[in-house]
Amino acid sequence: MKIIDILVKKANGILEDGFRFKFKRKDYIYNKHQDTIMRIADDIFLGQAWTIEDILNDEVEVIEENKEIEEVEYISYNFTKTSYTPTELSKNFETITELLNKQSNKINKLVRAVNEINKKREVK
């Protein structure tokens, strides 16, 4: 992400409060209430530390919050019935597909998180 991308989101009111990024080895945070981007270490505004026009296309590293990954809820399904109407079969198939998709999404989220951790370990 570039500085200009952050400033466009800020200007459009869609930059999330608490958005954090690293720029030139310093951490910055956005305060939506004050509508400011400050360096965390010393409370210096981004525009005080740098001439904005000179850094618009500079890349930043977005600092992700450590959000807990929600557990998948276990749902038991009764397959003991031996005959189903076409409507019941269709509904059962949709339910099972929906559950499998939720599980796949959760597993993929975990895979991405583990891959990110592994990348950070390799850098160190």
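Predicted model: local features only at pLDDT ≥ 70, side-chain atom pairs only at ≥ 80, totals over all residues.
**A first look at the fold**

What order do its strands take? Going across, you meet them as 3-2-1-4, in an open sheet of 4 strands with antiparallel pairing. At the edges you'll find strand 3, residues 36-39, and strand 4, residues 61-63, and each of these pairs on one side only. If you turn the model in your viewer, look for the twist, which averages 30° from one strand to the next.

What else is in the chain? Along with the 4 strands there are 4 helices. Following the sequence, the pattern reads α-β-β-β-α-α-β-α, and you can trace that on the structure above.

Let me finish with a few figures for the whole chain. How much of it is buried? Of the 124 residues, 14% are buried. The exposed surface comes to about 10300 Å², and carbon and sulfur atoms supply 51% of that area.

Then there are the contacts. Taking those between residues at least 6 apart in sequence, 43% join residues at least 24 apart.

To recap, picture an open antiparallel sheet in the order 3-2-1-4, in a chain that also has 4 helices.

Key
Residues numbered from 1 in each chain as written. Heavy atoms only, no water. Pairing = 2+ DSSP bridges. Helix = DSSP H or I, 4+ residues; strand = E, 2+ residues; numbered from the N terminus. Axes fitted to C-alpha atoms, helices over the stretch in contact; angles between N-to-C directions. Buried < 20%, exposed > 50% of the residue type's maximum accessible area, 1.4 Å probe, protein only. Contact = heavy atoms within 4.5 Å. Areas by Shrake-Rupley, 256 points an atom, 1.4 Å probe, with all protein chains shown as cover.
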